Amino acid sequence: MLKTFPKTHIAAAVVISAVVGTAMIFSPSAEVEAKRMSVSLDLESGEVVQTNLSNGDAPIPSAPATSDQESVASTEVASDQVPLAAASKTPTPADEPKQPELSWTEYQIKSGDTLSGLFKKAGFNDGLMLSVIHGEGEATKLQRLYAGERIAFATNQADELVSIKLQRSQLESLQIDKTGEEFIGKTVVKEPEVRARYAEGEIASSLFGAGQQAGLTDKLTMELAGIFGWDIDFVMDIRKGDRFSVVYEELYLDGEKIDDGKILAANFYNRSRELAAVFYTDKNGVSDYFTPDGRSMRKAFLRTPVDFARISSSFNLNRRHPVLNTIRAHKGTDYAARTGTPIKASGQGKVIHAGRKGGYGNAVILQHGTNITTLYAHMNQFAKGIRSGTYVKQGQVIGYVGSTGLATGPHLHYEFRVNGTHRNPATVKLPDAAPIAQAELERFKVSTDNLLAQLETYQESGRLTLARGE
Ligand SMILES: [Zn+2]
């Protein structure tokens with residue numbers, strides 16, 4: 001049943017607890033099947049442990065001991081060589097006072113508060129405040145306070161100030177301790193514990209509904225849609241019965257979930273198509289999603305260079321022009337949008353025109369590689385820095401929707417030319433973004449095989465669970 005997994009060099013323990021979604025519990029025949037599994041990877045234990053916590057049934061067959069967890073490392077970890085579980089094993093810096101004889105007073109910082117005022121409230125004078133901020137290390141950073149942060153003062157039994165803690169966020173604090181006669185400050189950054197989690201769902205009516213049933217936040221569902229959005233039109237293509245499965249990160253601090261991390265691997269079954277995507281960070285530190293064989297999930301061009309727009313006029317070689325009232329080919333696609341809506345470069349390239357251009361009004365033309373150009377017309381305004389010769393990235397804002405030139409109302413007129421010939425931007429087959437470089441393919445395989453194997457294992461487990469009628 002299980003595939004052969006890559007050889008392991010790090011022994012790991014995998015604990016799986018499957019929590020069957022409420023739809024399954026309350027309505028076994030429900031169309032929506034949602035399931036979650038929490039997985040914790042423990043590199044220190046040499047054994048693989050799996051526990052199905054949802055019921056007393058026999059455990060799910062073994063998952064692989066994981067290895068090569070490179071790409072699972074949290075984004076906060078600079079090196080992509082750090083295994084996932086390393087983050088979970090990072091000792092949490094002492095944030096609670098260990099000496100029981102200290103007494104702590106904490107204040108929430110509000111706008112208008114001053115350091116001097118906070119010291120005063122805690123019973124200390126400006127002289128002491130000055131000796132703190134003139135202390136060693138990063139003590140001086142105590143002067144930068146922001147509303148919403150919390151500051152705590154610790155005194156010993158002799159009522160002397162011995163410690164200050166400025167909690168900047170859930171993860172970051174400035175800790176200042178008195179050592180001898182000197183205050184010494186340091187920034188303490190906690191690494192959240194990263195837990196891989198599995199979810200799967202089947203679409204009954206909407207992707208978001210299925211995502212919620214599967215326990216995904218809307219933000220994660222959006223990300224899932226973003227990953228597959230180049231291949232699936234989530235408005236037009238989605239059908240009842242489409243399925244997805246996803247392995248993603250959850251970030252925990254002191255046992256409490258603080259956020260979702262990124263999606264690590266996902267499958268999407270759309271009608272009869274099966275699509276797979278896996279997260280990878282290349283040697284240069286650039287991260288993206290790829291197919292298991294290393295092709296980019298992205299296209300080299302966005303289909304639509306404006307968000308929240310509708311097509312108001314399609315590519316049509318026999319159209320009557322709305323202003324000139326003559327038959328004149330419409331060699332582009334019009335997207336109606338409010339004046340000022342950002343217009344994005346559909347692909348990376350070089351600006352070869354940015355200025356007035358007859359009936360096009362304010363127009364930008366981009367050159368992509370040697371044979372493709374795109375044109376964006378009727379702009380109200382160009383984006384800052386957009387001029388001939390500038391290089392732009394895909395998705396970079398190059399201007400704003402307007403109605404300059406021959407236009408009846410605010411819209412983007414968008415053209416796509418291949419070797420000088422106008423093509424329909426809405427239907428032209430778009431080339432894929434660059435795949436994994438040949439020289440890096442080996443590294444890619446090593447890094448992603450394990451993630452894909454995990455995804456498959458959880459899917460298998462899920463199928464068994466369902467087959468047992470749970
Ligand atoms: Zn047009």
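Predicted model: local features only at pLDDT ≥ 70, side-chain atom pairs only at ≥ 80, totals over all residues.
Which residue in β22 does Phe382 stand opposite? Phe382 stands opposite Gly399.

Residue numbers start from 1 along each chain as its sequence is written.

The chain has seven helices and 24 strands. Helices (H or I, at least four residues) and strands (E, at least two) are DSSP runs, numbered from the N terminus. Of the 470 residues, 34% count as buried. Buried means that 20 or more other C-beta atoms lie within 10 Å of a residue's own; exposed means 12 or fewer, and partly exposed lies in between, with C-beta atoms placed from the backbone. Contacts are residue pairs whose C-beta atoms, placed from the backbone, lie within 7 Å. Among contacts with a separation of 6 or more, 64% join residues 24 or more positions apart.

Back to the opening pair. β22 covers residues 397-400 and runs antiparallel to β20, joined to it by two bridges. Two strands pair if DSSP finds at least two bridges between them. These strands belong to an open sheet of three, in the order β16-β22-β20, with antiparallel pairing. β16 (342-344) and β20 (381-382) stand at the edges with a single partner strand each, so one side of each has no neighbour in the sheet.

Another open sheet has six strands. Its order is β3-β5-β6-β7-β8-β4, and its pairing is mixed. β3 (103-108) and β4 are the edge strands; each has a single partner, so one side of each is left without a neighbour in the sheet. Strands of a sheet pair through backbone hydrogen bonds, either parallel or antiparallel. Both senses meet at β8. β4 (residues 136-137) pairs with β8 (residues 182-189) in the parallel sense over two bridges. There, Gly137 has Gly185 as its bridge partner. β7 (residues 172-179) pairs with β8 in the antiparallel sense over eight bridges. Lys178 is bridged to Phe183 of β8. The β7-β8 hairpin has two residues between its strands, and Gly180 takes a positive phi near 65° there.

Now the cores. A nonpolar core is a set of buried Ala, Val, Leu, Ile, Met, Phe, Trp, Tyr and Cys residues joined through C-beta atoms within 7 Å. The largest has 35 residues. Val247, Ile263, Ala265, Ala266, Ala277 and Val278 have the most contacts inside it. Elements giving two or more residues to this core include β10 (243-253), β11 (256-270), β12 (273-281) and α7 (441-467). Ile263 touches Leu220, Glu223, Leu224, Ile227, Val246, Tyr248 and Phe279, leaving aside residues up to four places away in sequence. Apart from this core lies another, of 24 residues, among them Ala337, Val364, Leu366 and Met379.

Most residues other than glycine have a negative phi. Arg271 has a positive phi near 55°. Arg271 sits in the loop between β11 and β12. With 11 C-beta neighbours inside 10 Å, Arg271 counts as exposed. Asn419 has a positive phi of about 50° and is not a glycine. Asn419 lies in the loop between β23 (411-418) and β24 (421-423). Asn419 is exposed, because 9 other C-beta atoms lie within 10 Å.

How values were computed: Contact = placed C-beta atoms within 7 Å.
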